[in-house]
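Biologist: Could you walk me through this one? Please put it up on the screen.

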Amino acid sequence: MFNKKGDVSYPIIFGPYTILLLLILILYGVLFFGFDLAESQALVISGQSYKDSIMLINLLKTEIEINSENITIADAINKLNELNKEPIKKEIEKILLTFSVPNQEKDEGTGFWFFEVKKESNIILEAGDKANLGKDYLKQQITLPLSNKQPIFVNLYLSCRSCEKEAIERLS
Amino acid sequence: MNKKGSIFLPLFILVVIVTLGVLAYTIETTKANRKDTIGLRAVSLLKTYDEAEKINLYIEQASKYSSQKAINELYTNAGFGENNKCRKIPATSAEPKSVILDKNCGVFDVEKTFKEIFSEEIKPYILNYKSTYQSFTYQETTGSGIFKTFGLIPKPVQPEQGDIFPAVSERNTKRTEIKEIIEKGDDLVLVFSEIELKVENSPESKYVFAPKAILKEQSLVIFDSLYEALDENCIKKEVAGCKSKLKNIFSDIVIEEQGNFLKITLMHQNKPIRLAIDIGESLPEKQSALPTV
């Protein structure tokens, strides 16, 4: 039992200090492991940060047949006021289906490529599908001129739901 | 209090706080001091090349639209611009006007005229260029804000707005203009003046390139061929002989006599070249031909 000479204060000191120590350890535990302070940063750059536009450039330079005439997709976009949008949209969707997506069978996620053209923040052409509740990855964007001298913005991205990071890295 | 052991627990707590605090600080400074991620510079360079490709495509498309107007003007004005000094046979309800190719027109220099019309036409396109370059985004490490506040790790230096990559790309692209025109078979190759792009994460590096636009089936050589054929076979020569020789050289040519003038329509690359000549008058003085490849 307690030492009669000086241990009266023992329960007064020991309890609070122990609780304080536990609180400090919990705080640092949360800081190091909860907020990943101790996590080592990736040494190798992520493929996603590359964001190259080669797929989009090649897509725009691809020739499609519209009204028995072979024109590039970039030229077809320029003529959207004169041409019916549907055939252009269908041709673009045919090409989008040939692009690689995460493998659903291997549970890599559900992903679709989406193509859109914007003029002054208004969408003038859309093609492809979007994943429900999906996020956008591998976004590529390019500026193109129209023959009336106005610029348009063409976007191509992967709309993906529950996509694994490794799958996105592989596609990038 | 027991003198021997009462100081132990508070001291132990203090040591724990200091040790873990120093550990956190060491981790933060190590992360902050890391100068390079493997592949960062290579990716920065690739992104710069990518931006150059995007600029090239933009200029190519703009060139396509601008050259259509320039070519149309040359084809309907005997190789001159709309505001030419040539005499004209006025348009009728059945036929468009015909420009008379003679000394009143001045110097016959199709390349120079094309360059002038094209430069004027492409200027607004180039001035409307907007860069879509995506700069690298850096993730702040957890807790780094606290250390930055106390100056224990440095704050990142943000570049001036005008120096950030997209602004530099736009500014330098807007300065480009056509430098050279080269004939390549049936195509026209337009070479623009150089554009300089910075490389992110490498302040002293730059990438310089000269955009090129290839205009398919848009040739200006036909004007030289037509000029030489007219000069050799028609000027101060018999009309019948002129007509027959021109029809031998150009299969799609239509020649019509109207008083002293011969009205000529030549189909080339699905577009008509219209002009008229006075066989008693010399043609305008001609400048040298376009370089070919």
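Modeller: First, a term we will need: a residue is buried when its relative accessible area is under 20%, exposed when the value is over 50%, and partly exposed in between. Keep in mind as well that this is a predicted model.

Biologist: Fine. Is B:Glu95 buried, partly exposed or exposed?

Modeller: The relative accessible area of B:Glu95 is 27%, so B:Glu95 is partly exposed.

Biologist: And which residue forms a salt bridge with B:Glu95?

Modeller: That is B:Lys263, and the closest N and O atoms of the two are 2.4 Å apart. B:Lys263 is in strand β9 of chain B, while B:Glu95 is in the loop between β1 and β2 of chain B, so this pair links distant parts of the chain, 168 residues apart.

Biologist: Is B:Lys263 buried or exposed?

Modeller: B:Lys263 has a relative accessible area of 9%, so B:Lys263 is buried.

Biologist: What about the strand around it, β9(B)? How many of its residues are buried?

Modeller: Six of the eight residues of β9(B) are buried, so the strand is largely enclosed by the rest of the structure.

Biologist: Which strands does β9(B) join up with?

Modeller: One is β8 of chain B, residues 253-258, which runs antiparallel to β9(B) and is joined to it by six bridges. In that pairing, B:Glu256 stands opposite B:Lys263. Another is β10(B), also antiparallel to β9(B), with eight bridges.

Biologist: What do the turns look like?

Modeller: β8(B) and β9(B) make a hairpin with two residues between them, and B:Gly259 in that turn has a positive phi of about 65°. β9(B) and β10(B) make a hairpin too, with two residues between them. In this turn B:Gln269 has a positive phi of about 50°.

Biologist: Staying with B:Gln269, what does it touch?

Modeller: Leaving out residues up to four places away in sequence, B:Gln269 touches B:Tyr75, B:Asp186, B:Glu217, B:Gln218 and B:Ser219. With B:Asp186, a polar atom of the B:Gln269 side chain lies 3.4 Å from the backbone oxygen. B:Gln269 itself sits in the loop between β9 (261-268) and β10 (271-278) of chain B.

Biologist: Which residues does B:Arg87 pair with?

Modeller: B:Arg87 forms a salt bridge with B:Asp102, where the closest N and O atoms are 2.7 Å apart. That pair links distant parts of the chain, 15 residues apart: B:Arg87 is in strand β1 (residues 87-89) of chain B, and B:Asp102 is in the loop between β2 (98-100) and α3 (110-127) of chain B. B:Arg87 also meets B:Asp278 in a salt bridge, at 3.9 Å from N to O. B:Asp278 lies in strand β10 of chain B and B:Arg87 in strand β1, so this pair ties together parts that are 191 residues apart in sequence.

Biologist: New topic: nonpolar residues on the surface. Which residues form a patch?

Modeller: B:Ile7, B:Leu11, B:Leu14, B:Val15, B:Val18 and B:Val22 form a nonpolar patch on the surface, and together they have about 550 Å² of accessible area.

Biologist: Take B:Val18. Where is it?

Modeller: B:Val18 is in helix α1 of chain B, which covers residues 8-33. Its relative accessibility is 48%, so B:Val18 counts as partly exposed.

Biologist: We skipped chain A. How many helices and strands does it have?

Modeller: Chain A has five helices and six strands. Read from the N terminus, the order of elements is α-α-β-β-α-α-β-β-β-β-α.

Biologist: What share of chain A is buried?

Modeller: Of the 172 residues in chain A, 40% are buried. The chain exposes about 10400 Å², with carbon and sulfur atoms supplying 54% of that.

How values were computed. Residues numbered from 1 in each chain as written. Chains lettered and ligands numbered in written order. Predicted model: local features only at pLDDT ≥ 70, side-chain atom pairs only at ≥ 80, totals over all residues. Heavy atoms only, no water. Patch = residues over 30% accessible without salt bridge, like charges linked within 9 Å, V, L, I, M, F, W, Y side chains within 5 Å. Areas by Shrake-Rupley, 256 points an atom, 1.4 Å probe, with all protein chains shown as cover. Salt bridge = Lys/Arg side-chain N within 4 Å of Asp/Glu carboxyl O. Helix = DSSP H or I, 4+ residues; strand = E, 2+ residues; numbered from the N terminus. Buried < 20%, exposed > 50% of the residue type's maximum accessible area, 1.4 Å probe, protein only. Polar contact = N/O pair within 3.5 Å; in protein donor to acceptor, adjacent residues only side chain to side chain. Contact = heavy atoms within 4.5 Å. Pairing = 2+ DSSP bridges.
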